[in-house]
Amino acid sequence: QVQGAEQQPLECSVSIGTHGQLQVAPAEQGSPKGTGPKCIPLPLPVVPGDRVTHWHATEGRLRAIDANVVLIANTRNAIESMVYDVRPYTDAAEAANHSLYQHLTSTERDTLRAALDKAELWLYEDGEEADLPAVQAQLADMEGLYEKIVGPHEQRLRREQLAQDLQVIRRGTQEGIDGLRQWLAGPDGAALPVGDLDQAVQFLDGVQAKITQARTEVTDGDLAEARKLQDQVSEYAGTLHYKKVVTQSKEEAQENGEPLALDGPAGPALPLPAGESNGSASPPPVVTDFAAHYTNLCQQRKIKCNSGVVKMLQNTAPTSIDLLHNFVGPKGALAVVDTVRVMPSVTELNLSGNSLDNEDIKSIVHNLEAHPNLTSIDLSDNPISVIAGQMLIKFVTSNTRLKCMNLEGTLLMKTQKESIGKLLEGR
């Protein structure tokens, strides 16, 4: 009800009072007293406090019901997913895709199959109306049976995989040790100061002793330690090469009577015999004739140059190097990678189908980790596996310029491919 000359609707502000009544006030606060339109309060019934408490309690009960429904749905989904994921372990048609099938006995497969069938039937019959405790009990029974039957086999396969990975890493480390010992025994090693040579022998002896230690059960920590030793051998080799170059440069300067001038900071110090190294990789040399650089690398490594690669490298600033239709093999591919290392214009590198193994990936990662413009690398259809996957995850993590990596047709774990995909997503 509005009091005014012509009973016209007025613009008012409305609020709720402390006791639940409706308060209406005129929006025009500047009118002289008694001349402007007036609004009168329109009182509402006061809501009793116990009624408000009842409403709050009702809302709380409804929220609890909703939460219970969500928990039941999630638990049912977990049962359904378990049925779907475990059933291939019992199916002969899926044996090629699931190694656990071969490790389970026929009795264990029959027991699992019966339990999965029973759980699936329960989901769509009694389970349709089951409450939360019943659904959770069903899931707990299935998880318990899985741990009892499949768990021991999974643990054994995990131990075997760790042992295999350790052997692969140790073999790579041993190859590095053997190569470095051969290098030390040749003219390059003879160019080193006697003290550095003796220290290198002690270092290699120490690493040799560690990688030959027997392991009754391999752990993730053992793998991490083995990778660390492998990296230390590689870093040590680079340090010795640097020492040799510096020593020879000094000798040549002294013979010519010229002062020795080395650009950049001092070279890395030799690591301690324990294997610790504080050195860093030297920057790539400046190269203008990429085809000649590649040809020289092939000659040094006693491998045949690929004419298709030479033609690609004759371009003064190529942006793409594609070996998909130029099979060069692992040694040839590494020569190409060493060339790409000094080619800042390259943004795409295709090494698909060149029989690269895990050790080749280590060399590729080492040579390309500091490349300034590489955004895409194709490693598909190469027999690289878990060890390579771990190195590539580190490579993608540190090299934020990389946007695309093709790993189709490799032996990496599905989870490793997914991890790399997530790292590259959005770049």
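1. Let's start with the sheet. Four strands make up an open sheet, and their order is S5-S6-S7-S8. The pairing is parallel. Bear in mind as you look at it that this is a predicted model. At the edges sit strand S5 (320–322) and strand S8 (404–406), each of which pairs on one side only. From one strand to the next, the twist averages 5°.

2. A closer look at one pair in that sheet: strand S6 covers residues 348–350 and strand S7 covers residues 376–378. The two run parallel and are joined by three bridges. If you want a specific pair to click on, take Asn 350, whose bridge partner in S7 is Asp 378.

3. Now the whole chain. How many helices and strands does the protein chain have? There are 14 helices and eight strands. The protein chain has 427 residues, and 35% of them are buried. Take the contacts with a separation of 6 or more: residues 24 or more positions apart account for 71% of them. The accessible surface of the protein chain comes to about 25,500 Å², and carbon and sulfur atoms own 53% of that.

4. The second largest pocket is worth a stop. Its space comes to about 890 Å³. The lining of the second largest pocket is made by 23 residues. Which of them lie nearest its centre? Those are Ser 99, Gln 161, Met 413, Lys 414 and Thr 415.

5. As for the elements around that pocket, helix H5 (151–185), helix H13 (386–398) and helix H14 (414–424) are the ones that give two or more residues to the lining. H5 gives the most, with six residues.

6. Is Asp 222 buried or exposed? Its relative accessibility is 17%, so Asp 222 counts as buried, because the cut-off for buried is under 20%. What is Asp 222 in contact with, leaving aside its neighbours within four places in sequence? The residues in contact with Asp 222 are then Leu 166, Arg 215 and Glu 217.

How values were computed:
Residues are numbered from 1 along each chain as its sequence is written. This is a predicted model: local features need pLDDT of at least 70, side-chain atom pairs count only at pLDDT 80 or more; totals for chains, interfaces and linings use all residues. Side-chain values use heavy atoms; hydrogens and water are left out. Two strands pair if DSSP finds at least two bridges between them. Axes are lines fitted to C-alpha atoms, for helices over the stretch in contact, and angles run from 0 to 180 degrees between N-to-C directions. Buried means under 20% relative accessible area, exposed over 50%, partly exposed in between (1.4 Å probe, protein chains only). Contact means heavy atoms within 4.5 Å. Accessible areas come from the Shrake-Rupley method with a 1.4 Å probe; for residues, only the protein chains shown count as cover. On a 1 Å grid over the protein atoms alone, a cavity is a set of points where a 1.4 Å probe fits but cannot get out, and a pocket is an open set with protein on both sides within 12 Å along at least five of seven lines; lining residues have an atom within 4 Å of a point. Grid points are joined across faces, edges and corners, and a volume is the space filled by probe spheres set on the points.
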